[in-house]
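Colleague: Could you take one part of this model and go through it closely, with the cut-offs behind each term?

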Amino acid sequence: MRGTSTPGPRDAKGPLRRVVFDLHGVLVGHPLPLPGAPAGEVISRLRAEGVAVAFVTNSSSSSASDIIRMMADVGVEVRPGEAISAGGAMALYLREHHPGARLLLVGQPGLRRLIAEAADAPVRWVSNGDAADVVVVGRAPGLTVRELEEAARAGRRGALLLATSEDASFLVSGEQVPGPGKTLRQVEHAMGVSARIIGKPDPFILMRGLGLSPEQLRSTLVVGDSSIDVRLGVRAGAATVLFNAPAEQDGPTPDWRIERLEEVLELVGRTK
Ligand SMILES: [Mg+2]
């Protein structure tokens with residue numbers, strides 16, 4: 001084996017038939033090309049070997065088409081049904097668990113669009129916290145005092161708090177860009193409750209977002225660059241790879257650590 005990958009506890013289990021890739025920090029976001037085979041080539045080779053691939057991001061506003069376009073720009077083919085964002089998962093979750101609820105959104109227009117498109121009926125958006133059943137938080141770099149006040153009102157009447165993720169930041173063009181984490185802490189404080197996270201690391205995004213069964217997840221490898229991805233894999237019963245990440249991270253230990261993406265091919269091949 002090249003690089004730093006080491007045999008993990010996963011070696012004793014069955015073959016890996018599917019690889020789920022995180023996007024930012026794994027397939028996109030690096031300022032310079034990473035050493036080794038390009039991502040598009042690694043993914044083509046996985047497909048050629050009969051391994052299914054999927055793509056999961058904690059973006060709160062990307063549609064599947066947005067992901068397909070973004071990945072095409074970096075030479076990675078993503079097919080319909082293979083991609084989901086935390087915003088897309090939120091839209092599904094609201095449709096399944098809170099149809100008809102009055103929603104107060106703290107987030108961007110992209111998330112509003114995803115929720116509206118997934119809903120079976122017109123969404124009941126409210127801007128007044130007193131009228132909200134559910135407060136939905138996504139990435140909201142322009143969070144205002146007014147929004148926090150409305151969230152506090154919603155909290156006083158017992159509204160539920162849902163968030164796409166609590167990621168502090170993500171990698172874009174080599175720089176860490178703020179995620180929804182800071183906004184979420186402010187909204188939680190204003191409402192006096194903790195949010196239910198719908199994106200990674202909750203397995204909902206894999207199970208309902210990608211439609212993977214518990215049995216399929218047991219033969220799935222999750223590849224990510226943060227402890228959130230490892231937690232996702234562990235909670236879903238999947239194998240995990242930490243890619244190109246600092247050694248000291250919180251959270252569970254991944255099955256493997258790699259520094260070159262093509263090592264995924266060797267890991268999958270080794271389990272056959
Ligand atoms: Mg990442």
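Modeller: Just after helix α1, G50 takes a positive phi of about 80°. This is a predicted model, in which local features need pLDDT of at least 70 and side-chain atom pairs count only at pLDDT 80 or more, while totals for chains, interfaces and linings use all residues. Residues are numbered from 1 along each chain as its sequence is written. Helix α1 itself covers residues 39-48 (helices are DSSP runs of H or I with at least four residues, strands runs of E with at least two, numbered from the N terminus). Within α1, the residues A39, V42, I43 and L46 are buried (20 or more other C-beta atoms, placed from the backbone, within 10 Å of their own). Viewed along the axis of α1, these buried residues fall within an arc of 95°, so they line one face of the helix (the arc is taken from the directions from axis to C-beta atoms). They pack against β1 (18-22), β2 (52-57) and α10 (263-270).

As for α10, its axis and that of α1 are 9 Å apart, at an angle of about 20° (axes are fitted to C-alpha atoms over the stretch in contact, and angles run from 0 to 180 degrees between N-to-C directions). The two helices are therefore roughly parallel to each other (under 35 degrees). The crossing of α1 over α10 is right-handed (the near helix turned clockwise from the far one by less than a right angle). On α1 the contact is made by V42, R45 and L46, and on α10 by V264, L265 and V268 (C-beta atoms within 7 Å). By class, the contact of α1 with α10 has five nonpolar residues, no polar ones and one charged (Ala, Val, Leu, Ile, Met, Phe, Trp, Tyr, Cys and Pro count as nonpolar, Asp, Glu, Lys and Arg as charged, the others as polar).

Terms used
A residue is buried if 20 or more other C-beta atoms lie within 10 Å of its own, exposed if 12 or fewer, and partly exposed in between; C-beta atoms are placed from the backbone. Two residues are in contact if their C-beta atoms, placed from the backbone, lie within 7 Å. Angles under 35 degrees count as roughly parallel, over 145 as roughly antiparallel, 65 to 115 as roughly perpendicular and the rest as oblique.
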